[in-house]
Amino acid sequence: MPPSPGVPAPDALEARIAELRVGVRRAMATGDRRTARALRADLRRAEQEWDTAVLGDAGEPEEPAPAGSDGRRGLLPVRDQVHQALTLLGVPAAPKLIGSVYAAFFPGEIPGTRLTSLRRDEERSFRTAPYARPYYLCAALTADLLAPARGLLTVSTWPLEQRIVGPLSPRTDFLASAIRLAEHAGRTAPSPDAQRLLWRFASNIPGAVTGTVGTVDPAVLAEAARAELDVHREPDRRRRASAAGRARAQLDDAERLFGSRLRALQDSARRRASSGETDR
């Protein structure tokens with residue numbers, strides 16, 4: 001298919017995209033976030049131009065809409081659905097929570113079976129062609145061993161400190177995500193699915209439930225979560241910052257996203273030893 005008028009040839013765009021990706025990586029490595037943001041904006045425009053040049057102005061959706069759906073879910077690949085949910089949460093999250101958040105705040109649902117191998121597929125893609133995608137869905141890293149945390153997904157573009165979990169992180173992340181979801185829900189009338197999700201959060205936060213069982217005032221939930229988060233935030237931040245410093249010094253690019261396989265094995269052996277298991 002010939003490119004649309006005024007759009008550069010795909011080969012030239014691919015070369016430009018490769019240059020921009022290298023530029024983004026260099027800017028992030030030196031801590032120059034302003035340049036990185038500007039280059040990422042150029043990269044997105046180049047990728048959109050590539051789509052136009054290759055697919056035309058009316059590209060085909062990546063997945064067909066399933067029968068009986070509203071037609072919108074099929075326009076968004078599963079990895080993009082997960083990215084949307086994680087972006088709203090802003091913290092490492094398990095697949096079950098990711099699915100619940102997407103169902104509550106976005107059209108359609110994320111098929112649970114598609115999440116099983118998603119992180120492995122993302123790691124395989126990164127190791128085959130590093131930084132070929134604008135973002136990757138990657139593992140949270142444990143603060144002690146920098147190994148992949150079991151069952152927690154994050155986004156590669158988040159700061160390393162945000163992708164590390166320590167002893168206090170499950171609670172601080174729970175509270176931080178409660179605040180973000182409550183603030184998002186408070187902008188409009190929450191749907192029944194959103195109300196149920198907010199109730200699950202509120203019932204585990206002191207002072208967040210003030211009305212009828214099953215209903216939540218988003219503003220009250222956010223305020224109660226902030227009050228408790230203030231207690232835990234700083235110790236958790238220090239632990240994460242320390243672990244992030246070690247990760248930058250000890251891990252390569254892939255390991256900083258997906259964890260160290262050797263450390264994961266060491267972590268497994270340590271857990272087995274602490275539980276009294278031995279090889280027979």
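This is a predicted model: local features need pLDDT of at least 70, side-chain atom pairs count only at pLDDT 80 or more; totals for chains, interfaces and linings use all residues.
Residues are numbered from 1 along each chain as its sequence is written, and side-chain values use heavy atoms, with hydrogens and water left out. Local features need pLDDT of at least 70 and side-chain atom pairs pLDDT 80 or more, while totals for chains, interfaces and linings use all residues.

**View 1. Helix H4 packs on helix H7.** H4 covers residues 95-105 and H7 covers residues 192-202. Helices here are DSSP runs (H or I, at least four residues), numbered from the N terminus. The two axes lie 7 Å apart, at an angle of about 140°. Axes are lines fitted to C-alpha atoms over the stretch in contact, and angles run from 0 to 180 degrees between N-to-C directions. The crossing is left-handed: the near helix is turned anticlockwise from the far one by less than a right angle. In H4, Leu97 and Phe105 are among the residues that meet H7 residues including Leu197 and Phe201. Contact means heavy atoms within 4.5 Å. By class, this contact of H4 with H7 has eight nonpolar, one polar and two charged residues. Asp, Glu, Lys and Arg count as charged; Ala, Val, Leu, Ile, Met, Phe, Trp, Tyr, Cys and Pro as nonpolar; the others, Gly among them, as polar.

**View 2. Helix H3 meets helix H6.** H3 (residues 78-89) and H6 (residues 169-185) pack at about 100°, with axes 8 Å apart. They are therefore roughly perpendicular to each other. Thr87, Leu88 and Leu89 in H3 touch Ser177, Arg180, Leu181 and His184 in H6. The contact holds three nonpolar, three polar and one charged residue.

**View 3. Helix H6 crosses helix H8.** H8 spans residues 218-250, and the two axes come within 8 Å at roughly 145°. H6 passes H8 in a left-handed crossing. Leu175 and Ile179 are among the H6 residues here, and Leu221 and Leu229 are among those of H8. The contact divides into eleven nonpolar, three polar and eight charged residues.

**View 4. The largest pocket has 27 lining residues.** Arg25, Met28, Ala29, Tyr131 and Ser156 lie nearest its centre. Helices H1 (10-29), H2 (33-55) and H9 (253-258) each supply at least two lining residues. The lining has 13 nonpolar, three polar and eleven charged residues.

Methods
On a 1 Å grid over the protein atoms alone, a cavity is a set of points where a 1.4 Å probe fits but cannot get out, and a pocket is an open set with protein on both sides within 12 Å along at least five of seven lines; lining residues have an atom within 4 Å of a point. Angles under 35 degrees count as roughly parallel, over 145 as roughly antiparallel, 65 to 115 as roughly perpendicular and the rest as oblique.
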